Amino acid sequence: MDRNARVVFVCLHGAAKSVIAAAHFCRLAAERGLAAHAIAVGAEPDPEVTPAAAAGLLAEGIDVRAHRPRRVTPEDLAGAARVVSFGCDLDGLAPPGAVERWDDVPAVSDGFHAARAAILRRLPGLIAEMARAPR
């Protein structure tokens, strides 16, 4: 795996699911000694992280209050080791077959803990796959 490997998490507003996923990915990758990082972006970004995501992550010691959602770019996707979408259609931005879809993650507005749990169930597999990737 490239030592600068990047995962791009994309949700509609770039303000909840992608933020939770990127924050926990970075934490888990660091714990495993994996030289990778993640970014959170949106297809139609909100001006700020949702209060539920910010409060839920802050309760876990992860402060994302300064994060400002931004629109996903073709450059974000082209340079990514992995792209994960939460219900966003990235046709025209990402090469065919380049996007892994996690569409079954519940909305953070329906409950932070349920969304977080669904994301955390998937992250260890993603990290393990990236750790096995050629360097």
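Here is a quick tour of the core, the aromatic rings and the salt bridges in this predicted model.

Residues are numbered from 1 along each chain as its sequence is written. Local features need pLDDT of at least 70 and side-chain atom pairs count only at pLDDT 80 or more, while totals for chains, interfaces and linings use all residues, and side-chain values use heavy atoms, with hydrogens and water left out.

On confidence (pLDDT, the predictor's per-residue score from 0 to 100), the protein averages 92, and 96% of its residues reach 70 or more.

Now the inside. A nonpolar core here is a set of buried Ala, Val, Leu, Ile, Met, Phe, Trp, Tyr and Cys residues joined through side-chain atoms within 4.5 Å; buried means under 20% relative accessible area, exposed over 50%, and partly exposed in between (1.4 Å probe, protein chains only). The largest such core has 36 residues, and F9, F25, F86 and L126 make the most contacts inside it. Apart from it sits another core of twelve residues, including V41 and L77.

F9, F25 and F86 turn up again with W102, in a cluster linked by ring pairs (Phe, Tyr or six-membered Trp rings with centres within 6.5 Å; planes under 30 degrees apart are stacked, over 60 edge-to-face, the rest tilted).

As for charges, there are eight salt bridges (a Lys or Arg side-chain nitrogen within 4 Å of an Asp or Glu carboxyl oxygen). Among them are these:

| Pair | Closest N and O atoms |
|---|---|
| D63 and R65 | 2.8 Å |
| R101 and D103 | 2.9 Å |
| D104 and R122 | 2.8 Å |

D104 is exposed at 54% relative accessibility, whereas R122 is partly exposed at 28%. R82, E100 and E129 are linked in a salt-bridge network.
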